[in-house]
Each structure stands twice: as structure tokens, then as C-alpha cells.
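Colleague: I have a model open and want to learn how to read it. Can you walk me through some features?

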Amino acid sequence: MGMSRSSWWKALLLFQRSVSRLSPKGQFGVSGLSSMVVDLSQSSPAGAAVPGNHTACLQFRKRVQDGKRSRKFKLGQEAFFWTNQAKDLCREGFTSRLAYMLDRNQRLLGNALNFRFFSAHRYTAHSSDKQSIDSQHKLLGGIPDFVKMVEVGPRDGLQNEKNMVPAAVKIELIKMLASSGMPVVEATSFVSPKWVPQLADAKDVMEAIRNIQDARFPVLTPNLKGFEAAIAAGAKEVAIFTSASESFSKSNINRSIAESLAHYSDVASAAKELSIPVRGYISCVVGCPVEGKVSPSQVVHVAKELYNMGCNEISLGDTIGVGTPGTVVPMLEAVVDVIPIENLAVHFHDTYGQALSNILVSLQIGISTVDSSVSGLGGCPYAKGASGNVATEDVVYMLNGLGVKTNVNLQKLLLAGDFICKHLGRPSGSKAATALSRTADHISKLKTLSS
């Protein structure tokens with residue numbers, strides 16, 4: 001049960017009086033405040049839990065300009081107290097402690113407060129305003145306004161499945177992902193069925209999706225023969241892959257790094273003649289299951305070679321998921337020095353639960369293309385212990401919360417994840433999908449999140 005309407009009005013009257021005392025005219029009136037925090041907690045003034053007795057703490061902050069830097073100063077704080085209030089202040093029941101950020105341009109008109117903001121507030125993953133985030137959080141200010149999502153589930157996610165997934169299921173998954181607004185869906189791979197039997201139906205898959213509009217469907221082509229087969233099947237974009245680790249390159253594709261680059265140069269040249277875009281993958285950019293730590297200089301070398309041979313986009317992959325912001329940032333800074341940042345993407349596995357934090361620091365550096373896999377499908381068959389890619393649902397949920405546009409409908413994306421997980425007979429690897437599915441009123445919330 002939430003607070004009664006009369007209790008809210010009592011709180012708001014005290015709130016207005018506090019505003020007048022803490023923000024008198026002539027000093028720093030309400031119009032000069034950059035933000036307010038109304039912190040409602042279930043405690044007595046002494047801090048002990050007392051049923052029915054509650055405090056609200058008001059904090060006022062003002063942003064001032066100091067040269068080129070913008071700083072925030074806490075101008076004041078005051079607590080007020082009222083009784084006869086229900087125990088659970090949040091009617092959705094998500095938490096018993098609320099912190100309402102009131103943007104002065106959106107929520108405050110003089111000393112008046114929008115009562116409906118309190119009474120009708122609902123949980124949402126969306127930030128209210130990317131511009132508001134930029135102005136209030138200097139650490140988030142450099143994040144791109146738009147992030148291009150590259151869905152790798154149908155290829156990278158399913159290639160390691162032990163049980164064969166029918167072509168019809170793959171096709172339906174690709175269609176659902178495209179309909180969710182995913183701009184790029186890596187469809188399949190034209191590799192020898194001897195090495196990846198799961199993708200032996202590449203030709204059938206491409207035939208079924210070739211007329212789908214509003215999405216691009218690149219395919220992996222490990223050699224010139226695969227490239228020719230892909231083009232014959234209707235592929236309009238291709239991808240090649242190598243490694244920053246010598247040992248991993250030999251175990252994965254049975255070639256040294258130098259040999260693989262020379263090999264892919266033929267593919268890149270053939271693609272250039274047909275004006276086919278080429279994406280280059282680099283695996284093991286921070287760690288290798290054989291060699292351990294990978295030096296940023298190794299990544300820089302491979303990235304330069306791929307870029308010079310004509311790759312229009314280079315995806316930097318933490319194949320075994322060992323990276324942390326402490327290792328990812330130096331690697332990215334080194335690569336950005338030699339490759340235009342708009343030509344770079346990141347590809348993180350979530351083996352150690354670090355994928356989202358690594359994506360966040362990548363965004364802060366300026367990366368605006370992120371690979372992910374629906375429901376966290378995937379794992380590298382040649383990298384022992386490598387769990388799935390970061391879940392697309394989790395990335396989109398985080399980006400929604402940052403106010404970053406992706407044009408992806410989260411509700412439709414969740415349906416695609418549910419579809420493939422039911423076929424595979426296992427729960428989703430997405431924490432966001434799992435949490436939302438457990439919420440009693442998740443249907444209404446999905447509508448809010450995807451609007």
C-alpha cells in the first residue's frame with residue numbers, strides 16, 4: 001500500500017516551507033537550482049526503524065561554472081517528519097527507499113511542485129532525458145547519443161550448440177530480431193560444415209531472409225571459397241576473423257597471425273571489387289586461454305593490418321571474457337590512436353560478469369557500435385571456459401537507462417529471446433529478461449520500456 005493522498009499533501013507543504021528556508025530569494029532561488037533530491041526513508045529522526053514514523057530529507061544542489069569546468073555544490077539539507085504513513089512508500093514494491101531527482105526545467109515551476117509526479121511515478125529503465133544526464137554527470141557526458149547494435153546470436157550464438165537447430169528456427173529468430181529494430185544481424189557463416197556443422201544450412205538461411213528490409217545481414221567468410229559461396233547466396237556484407245594472440249590463431253584457424261592476414265587480404269580484395277563491405281573481427285584483445293595477457297600493441301598491429309586491407313569496421317573481441325575496465329581501457333586507447341573511432345566496435349563475453357562495465361567504459365571513450373547476442377547465447381568452441389556473449393537485452397536495458405538511442409524495441413527483443421530459449425530448452429542468459437519475466441506486471445512495464 002502506498003502513502004495516502006493526505007499524507008502526500010502534508011509532505012509537500014513541509015517541502016515548500018523547507019524550499020523557502022533553504023533557498024531564499026536573493027541567494028539561490030529555486031530557479032537557480034540544478035537539482036533537488038527528495039529522499040523518503042522509513043526511519044525516525046534518530047535513525048531507528050519505527051513503524052508508521054518516517055522522515056524525508058531534502059537536498060538542494062546548484063551547478064556553477066568555474067572556467068571551463070562545471071561543478072555542483074550542495075547548498076543545504078533539511079529533514080522533515082510526519083506520521084500515519086503506510087510502511088511501503090513505493091506502490092510498485094520495488095524498494096522501500098525512494099530518491100526523486102527533480103529537474104528544475106521539468107518538475108519545478110517557481111516554488112510549485114508537480115504532485116502527479118509523486119503519485120503516478122512508475123518504474124522505468126529509461127532515463128528521463130539524455131541531456132539532463134549529460135549536464136548532471138560529467139562521467140556520462142561523453143557517451144554517444146546513438147549506439148548501433150550488432151546482433152551476433154544467429155551465428156556466433158548458435159554455432160557452438162551441440163544439438164542441431166533447424167534452419168526454420170534460425171530463420172524465424174532472425175526475422176524476430178530484425179522486427180525488433182536490430183539494424184545489423186549477423187546471419188550465418190559460410191565455413192566448412194566439417195568445422196562448424198551447426199551452420200551447414202547457411203545457403204538456406206540466406207535464401208529465406210534475403211528480402212527482409214530495414215536490416216543488414218553480414219555473414220562470416222573464412223576464405224575466398226566461402227566468400228564466393230556467400231555472394232552467390234545473396235550476401236551483401238561479409239566478415240573475416242583473426243586474433244591478437246598467436247597461439248589462439250593457430251588453434252582456432254590453424255594459421256599464424258601473419259598467415260591469416262595474408263589469407264584474408266584475398267577476401268578483402270575480392271570484396272572491394274564488388275563493393276561489398278568487410279567487417280574484421282579480432283579475438284583475444286585482452287586475454288588468451290593459452291598465452292594469458294595480451295598486449296595492446298599486439299591488438300594495434302592486427303587492427304592496422306585489417307584497416308589497411310579495407311575493413312570498414314573492426315570489432316574488438318574479449319573472447320574469453322577476462323577483461324575488466326582496467327585492461328579494456330588501455331587497449332582501446334592504444335587502438336583509437338591508429339584507427340578512427342567510428343570504425344571500431346566492441347564485442348564482450350560475460351564469463352566473469354564484466355561485459356556491461358566494459359561496454360560502459362567503451363562508450364565513455366567514444367565507441368558507438370556494440371556487438372551482443374540475444375539471451376547471452378554463444379561461447380567460443382576453441383576457448384575453454386568462454387561463456388556466452390553479453391546478452392543483447394541487458395545492453396539495450398542499460399542503454400535505455402542512459403538515455404542512449406538504439407531504435408531497438410525491448411519488448412520485441414524479449415520475445416525473440418524467449419522464442420530461442422524455449423527451443424533450446426533452457427532459461428535465458430539475460431538478467432534483464434529474467435528479472436522482467438518474474439515481475440507480476442511485466443507486460444505493462446515492457447510497454448513503458450519499449451516506447
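Colleague: What should the 15 residues of helix α14 span, at 1.5 Å a residue?

Modeller: Bear in mind that this is a predicted model. The expected span is 1.5 Å times one less than the number of residues. For α14, residues 410–424, that gives 21 Å, and the end C-alpha atoms are 21 Å apart, which agrees.

Colleague: Which residues of α14 are buried?

Modeller: Buried means under 20% relative accessible area. In α14 these residues are L410, L413, L414, A416, G417, I420, C421 and L424. They cover an arc of only 160° around the axis, so they sit on the same side of the helix. The face turned away from that side carries exposed L415 and K422.

Colleague: What is found at the ends of α14?

Modeller: N409 caps the N-terminal end, with a side-chain oxygen 3.0 Å from the backbone nitrogen of Q411. Just after the helix, G425 takes a positive phi of about 75°.

Colleague: How many aromatic pairs does a search of the whole structure find?

Modeller: One. Planes under 30 degrees apart count as stacked, over 60 as edge-to-face, and the rest as tilted. The rings of F241 and Y264 have planes at 55° and centres 6.0 Å apart, so this pair is tilted.

Colleague: Where in the chain do F241 and Y264 lie?

Modeller: F241 is in strand β11, residues 238–243, and Y264 is in helix α9, residues 257–273.

Colleague: Which residue lies over the face of Y281?

Modeller: R155, at 5.9 Å from the ring centre.

Note on methods:
Residues are numbered from 1 along each chain as its sequence is written. This is a predicted model: local features need pLDDT of at least 70, side-chain atom pairs count only at pLDDT 80 or more; totals for chains, interfaces and linings use all residues. Side-chain values use heavy atoms; hydrogens and water are left out. Rings of Phe, Tyr and Trp (its six-membered ring) pair if their centres lie within 6.5 Å; planes under 30 degrees apart count as stacked, over 60 as edge-to-face and the rest as tilted. Helices (H or I, at least four residues) and strands (E, at least two) are DSSP runs, numbered from the N terminus. A charge sits over a ring if NZ of Lys or CZ of Arg is within 6 Å of the ring centre and within 35 degrees of the ring normal. Buried means under 20% relative accessible area, exposed over 50%, partly exposed in between (1.4 Å probe, protein chains only). The arc is that of the directions from the helix axis to the C-beta atoms. A polar contact is a pair of N or O atoms within 3.5 Å; within protein, one must be able to donate a hydrogen and the other to accept it, and residues adjacent in sequence count only if both atoms are side-chain atoms.
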